[in-house]
Amino acid sequence: MSFLSSHGAAFRAAVPILLDLAIGGYEEFISKYPNDPRTVSAHVRLGDALRAQKKYDAAVAEYDFVLQKFPESDTSRDALLKKGLAQADANQPQAIQTLSEVVKKFPNTIESNTAAQKLKEMQAAQRKPPAR
């Protein structure tokens, strides 16, 4: 086994452990400091870590928490985009509605451009004929 392949295998083995540590850290921070201004960001990062673990419903719940509790924060558009992307990852039909909302509510932003690109990819995948 070469150095690169063993290094890659070690990295792949470490990622789930690191994600578990990150999730625990975010949950602990949120629990200890619920009124800290950085808590909103911790919820988004927790959602990101859960999405990376393919725990899409839990990730969407974190993004929804941000959208409900901090609707006027600068982080809300990021949370809405990431909610739509997590829904798309899980093949949930709501993804189209959520991503379209990002495009409509936040035009001419990075989040809007990312949402529009994902919508195009999803539409192209729907038009693709099934494999035989």
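Trainee: How is the model to be read, and how many helices and strands does the chain have?
Mentor: This is a predicted model in which local features need pLDDT of at least 70, side-chain atom pairs count only at pLDDT 80 or more, and totals for chains, interfaces and linings use all residues. Residues are numbered from 1 along each chain as its sequence is written, and side-chain values use heavy atoms, with hydrogens and water left out. Helices (DSSP H or I, at least four residues) and strands (DSSP E, at least two) are runs numbered from the N terminus. Along the sequence the pattern reads α-α-α-α-α-α, and the count is 6 helices and 0 strands.

Trainee: What percentage of the residues in the chain is buried?
Mentor: Buried means under 20% relative accessible area, exposed means over 50%, and partly exposed lies in between, with a 1.4 Å probe and protein chains only. By that criterion, the buried part of the 132 residues is 35%.

Trainee: Which residues of H6 are buried, and on which side of H6 do they lie?
Mentor: Helix H6 covers residues 110–127, and its 18 residues reach 26 Å from the first C-alpha to the last, close to the 26 Å expected at 1.5 Å a residue, where the expected span is 1.5 Å times one less than the number of residues. The buried residues of H6 are Glu-111, Ser-112, Ala-115, Leu-119 and Met-122. They cover an arc of only 95° around the axis, taken from the directions of the C-beta atoms, and therefore lie on the same side of H6. The face turned away from this buried side carries the exposed residues Ile-110, Asn-113, Lys-120, Ala-125 and Arg-127.

Trainee: At what angle do H5 and H6 pack?
Mentor: What covers the buried residues of H6 includes helix H4 (76–89) and helix H5 (94–105). Axes are lines fitted to C-alpha atoms, for helices over the stretch in contact, and angles run from 0 to 180 degrees between N-to-C directions. With their axes 8 Å apart, H5 and H6 pack at an angle of about 145°.

Trainee: Where does Asn-108 lie?
Mentor: Asn-108 also has a positive phi, near 60°, and is exposed, with a relative accessible area of 77%. Its place is the loop between H5 and H6.

Trainee: Which residue joins its side chain to that of Gln-53 in a polar contact?
Mentor: Gln-53 is found in the loop between helix H2 (39–52) and helix H3 (56–69). A polar contact is a pair of N or O atoms within 3.5 Å; within protein, one must be able to donate a hydrogen and the other to accept it, and residues adjacent in sequence count only if both atoms are side-chain atoms. At 3.1 Å, the partner of Gln-53 is Lys-55.

Trainee: Which residues are in contact with Ala-42, leaving aside neighbours within four places in sequence?
Mentor: Ala-42 is found in helix H2 and is buried, with a relative accessible area of 6%. Contact means heavy atoms within 4.5 Å. The residues in contact with Ala-42, its neighbours within four places set aside, are Tyr-26, Phe-29 and Ile-30.
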